[in-house]
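Hi,

Here is the structure I promised to pass on.

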Amino acid sequence: MLVHRSGPARGRRLAVTGILLAALSLVSALPAQAADTPPRGSAHMGMGVLEHDGSHGTPIPGGAAQTEGVDVSSHQGNVAWSTLWSSGVKWAYAKASEGTYYTNPYFAQQYNGSYNVGMIRGAYHFATPDSTSGAAQANYFVDHGGGWSRDGRTLPGALDIEWNPYGAACYGKTQSQMVSWIRDFLTTYKARTGRDAVIYTATSWWTQCTGNYGGFAANNPLWIARYAASVGTLPAGWGYYTMWQYTSSGPTVGDHNRFNGALDRVQALANG
């Protein structure tokens, strides 16, 4: 026998249906960016360059002596260092850490592997100024592979400070707050290692997020990011660049760089 229900039971079903529909409408109204945000720890050097600055060609061959290098992170996994060495790559940086919550699981293979084939190598830290202080991140970096030794083959650590892949470009900081955060990192790194860290950045980000601050240029070598035929305008204070990341689509490893000088200048930076 069919039983037709009405009254309170039917009203409850309608109420539940209404709640579910309201919940679905709220979910659909959430910004799409939330689903596109990469997981913490997955950032790597230059990941925001194409999106924010684009690509405008490759360097013009010839001119002053320059030395080819690469930078790698967990995205490359185990790197074919002998292949890179044979192709003319003579120096490399490997991501060691990010924030105070991540270390690269491939760091040993990348950092030691590049050294073992004859390259001059270094480590870099991806900064997340919204998570912890500059001092805390400098200490974490040094404690997880970012130190320096006077062996003639180890470059000073690099601070990768660029667009925030997890949120607002400037990590929620004012320009003066960002400058203070960077200074905190650099001061701590030098106190721990005796070396001035390299600063990796892009001119457009530096201008937006530090107000184009020029106070670090006297001591900290500049590693500029720009995918074009020339480096273009440099951040304030720096009259020249030390390293230039010029592409994310190079052979064997995507991120290729040029050191502004012959191999003996790379060695000089390693020696301090």
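This is a predicted model: local features need pLDDT of at least 70, side-chain atom pairs count only at pLDDT 80 or more; totals for chains, interfaces and linings use all residues.

Let me start with a definition: a disulfide here is a pair of cysteine sulfur atoms within 2.5 Å. Residues are numbered from 1 along each chain as its sequence is written, and side-chain values use heavy atoms, with hydrogens and water left out.

**Disulfide**

The disulfide rule gives a count of 1. The partners are Cys170 and Cys209, with their sulfur atoms 1.9 Å apart. Cys170 sits in the loop between strand E6 (158-160) and H7, while Cys209 belongs to helix H8 (residues 203-210), so the link joins distant parts of the chain, 39 residues apart. (Helices, H or I with at least four residues, and strands, E with at least two, are DSSP runs numbered from the N terminus.) The angle about the S-S bond is -75°, which makes the link of Cys170 and Cys209 left-handed. Cys170 counts as buried because its relative accessibility is 13%, and Cys209 is buried too, at 0%. For these labels, buried means under 20% relative accessible area, exposed over 50%, and partly exposed in between (1.4 Å probe, protein chains only).

**Core**

The largest nonpolar core has 69 residues, and Trp91, Tyr93, Ile161, Ile182 and Trp223 touch the most other members. Helix H7 (residues 175-193) is the top contributor to this core, with 7 residues. Such a core is a set of buried Ala, Val, Leu, Ile, Met, Phe, Trp, Tyr and Cys residues joined through side-chain atoms within 4.5 Å.

**Salt bridges**

I get 5 salt bridges over the whole structure, each being a side-chain nitrogen of Lys or Arg within 4 Å of a carboxyl oxygen of Asp or Glu. One of them pairs Arg40 with Asp130, at 3.0 Å between the closest N and O atoms. Arg40 is in the loop between helix H2 (33-36) and helix H3 (49-52), and Asp130 is in the loop between strand E5 (120-126) and helix H6 (134-146), so this pair ties together parts 90 residues apart in sequence. Arg40 is partly exposed at 41% relative accessibility, as is Asp130 at 35%. Lys95 and Glu98 form another salt bridge (2.8 Å, N to O), and both of these residues are buried. Asp196 also meets Lys190, at 3.4 Å from N to O.

The largest pocket holds about 290 Å³ of space. It has 16 lining residues, and Pro221, Tyr240, Thr242, Phe259 and Leu269 are the closest to its centre. Helix H9 (residues 263-271) supplies the largest share of that lining, 3 residues.

The second largest pocket has a volume of about 240 Å³. Of its 13 lining residues, Glu51, His52, Asn164, Pro165 and Gly167 lie nearest the centre. H2 and H3 are the elements that give two or more residues to this lining.

For the method: on a 1 Å grid over the protein atoms alone, a pocket is an open set of points where a 1.4 Å probe fits, with protein on both sides within 12 Å along at least five of seven lines, and lining residues have an atom within 4 Å of a point. Grid points are joined across faces, edges and corners, and a volume is the space filled by probe spheres set on the points.

Cheers
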